[in-house]
Amino acid sequence: MLNAIGVKNQIIDSVETLRVSDKLILPGVGSFDHGMSNLTNSGLTNALEQAVLERKVPFLGICLGAQLLTSKSEEGVIPGLNWIEAKTIRFRPKDLDIKVPHMGWNTVTIKNKSKLFDDKADFKKYYFAHNYYIRATSSNQVIATTDHGNLFDSVIQKDNIIGVQFHPEKSHRFGMKLLENFITRF
Amino acid sequence: MLQTRVIPILSLSGSGLVKTTQFKNPQYVGDCRNAVKIFNEKEVDELCLLDITATLNNSGPNFDLISEIASEAFVPMSYGGGIRNIQDIIKIFEIGFDKVVLNSVLYKSPELLKSAAKQFGEQSIIVSIDVRKNFLGKYIVYSHGGSQKQKPNLQKHLEDIQRIGAGEILINSIDRDGMRCGLDTKLIKSVSSKISAPVIACGGAGNFQHLKEAITVGYASAVAAGSMFVFHGKHRAVLISYLKSNELEEISQSTKQLFPL
């Protein structure tokens with residue numbers, strides 16, 4: 001999708017490629033521990049922390065990539081990156097009508113202003129696929145919430161660090177717009 | 001509020017897109033790359049790509065073809081057909097698919113579901129179940145494109161895969177495949193009422209009303225269809241189509257009435 005919106009991109013496989021990147025995206029398919037160990041095994045964690053926490057390079061975590069920003073997850077035992085004060089929790093609906101995983105298209109309600117979204121309150125929907133959700137400690141860092149049996153934090157942000165629970169790369173023009181905003185406004 | 005998804009299912013045979021009737025008589029529909037491109041432009045909720053001959057030929061997934069297809073799509077996509085082991089699954093995710101669909105392989109190697117769910121998360125795994133009614137009206141589980149009867153009864157199989165880690169269930173009625181006579185709401189309800197994971201209903205959709213019934217009567221979380229989105233009219237002329245936006249809206253409204261918050 002980045003190619004489709006005309007953004008030069010590369011897969012980061014070394015400290016050098018990381019150093020020359022203006023924006024960073026951490027997508028994620030998989031389980032929490034698997035994702036964290038992959039990150040650790042890549043040997044890039046230190047360089048990544050330097051880029052994001054010290055040089056303040058804009059960072060977008062997607063789905064599991066967003067959950068890894070939290071301190072820990074009920075899905076695993078390995079600690080998360082802990083860049084945003086938050087936890088990752090399992091959906092436990094009381095009602096069988098609410099199915100888990102939360103799977104499909106859902107809307108978001110904007111709670112705090114972010115350059116990620118346009119000011120216009122027009123209709124937008126995004127594609128979700130997850131068993132676990134994020135709960136941020138501070139409501140100031142919650143950009144948007146979504147309803148699935150309970151409200152959860154679907155977009156979190158702390159300065160240059162953003163996490164989105166849904167998949168913008170799979171969300172048609174709505175996702176394309178969001179990625180464009182991330183690329184051009186941060 | 002989560003919307004109910006409407007998912008075109010594309011059946012692959014070789015490099016062509018085909019559509020079967022009751023899992024037989026595959027009719028050539030066209031080039032699958034082209035079809036995916038059209039569905040992508042129509043902004044479908046999700047796409048499901050199933051190679052219906054890969055397991056029977058024991059050839060494994062056609063990775064070259066499906067990676068070409070995946071590069072065309074910015075919609076959520078799942079792939080199934082011919083998956084033999086965890087290496088196949090890893091490759092499918094690397095290619096860019098969001099989910100894998102497991103069916104025949106699980107009757108022999110149920111542990112594959114466990115290792116796949118552990119590595120990629122339950123939300124990445126769809127378990128597909130093909131059923132046919134016997135002469136007593138009992139649902140019998142089949143694998144290998146409907147050619148092999150399986151021992152576990154439907155209820156037992158559902159319990160097993162749910163416990164091991166199925167993220168979604170794709171329930172397919174072989175009897176209704178390609179018939180465009182309406183979905184088997186009784187079958188769908190018997191699955192959705194017992195399963196905590198989302199249920200995708202398939203087999204028999206011929207029109208918009210059929211899709212709605214699967215949701216309002218069968219309590220499906222998503223509805224899938226092949227013929228309805230690739231054929232037009234009673235002579236089965238090839239026409240790639242999808243629901244109009246007001247129809248999609250009506251589908252989500254019907255869900256809202258079912259599950260008011």
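**Exercise 1. Find what share of the contacts in chain B, counted at a separation of 6 or more, joins residues 24 or more positions apart.**

Solution. Take the contacts in chain B with a separation of 6 or more; residues 24 or more positions apart account for 64% of them. Keep in mind that you are working with a predicted model.

**Exercise 2. Describe the overall build of chain B, and explain how its radius of gyration compares with the globule rule.**

Solution. Start with the secondary structure: chain B has 10 helices and 14 strands. Along the principal axes, its C-alpha trace spans about 40 × 40 × 40 Å. Finally, look at burial: 49% of the 261 residues are buried.

**Exercise 3. Work out how helices α3(B) and α5(B) cross, and which residues make the contact.**

Solution. Two packed helices are described by the angle between their axes and the distance between the axes. Here the axes of α3(B), residues 86-95, and α5(B) come within 10 Å and cross at roughly 35 degrees. The crossing is right-handed. From α3(B), I86(B), I89(B) and F93(B) take part, and they meet L112(B), S115(B), A116(B) and F120(B) of α5(B). Sort these residues by class and you get six nonpolar, one polar and no charged.

**Exercise 4. Characterise the side of chain B that touches chain A.**

Solution. Count first: 26 residues of chain B are in contact with 25 residues of chain A. Helix α5 of chain B, residues 111-120, supplies the largest share of chain B's side, three residues. By class, that side holds 11 nonpolar, eight polar and seven charged residues.

How values were computed: Residues are numbered from 1 along each chain as its sequence is written. Chains are lettered from A and ligands numbered from 1 in the order in which they are written. This is a predicted model: local features need pLDDT of at least 70, side-chain atom pairs count only at pLDDT 80 or more; totals for chains, interfaces and linings use all residues. Two residues are in contact if their C-beta atoms, placed from the backbone, lie within 7 Å. Helices (H or I, at least four residues) and strands (E, at least two) are DSSP runs, numbered from the N terminus. Ala, Val, Leu, Ile, Met, Phe, Trp, Tyr, Cys and Pro count as nonpolar, Asp, Glu, Lys and Arg as charged, and the others, Gly among them, as polar. Axes are lines fitted to C-alpha atoms, for helices over the stretch in contact, and angles run from 0 to 180 degrees between N-to-C directions. A crossing is left-handed if the near helix is turned anticlockwise from the far one by less than a right angle, and right-handed if clockwise. The radius of gyration is taken over C-alpha atoms; the globule rule is 2.2 Å times the number of residues to the power 0.38. A residue is buried if 20 or more other C-beta atoms lie within 10 Å of its own, exposed if 12 or fewer, and partly exposed in between; C-beta atoms are placed from the backbone.
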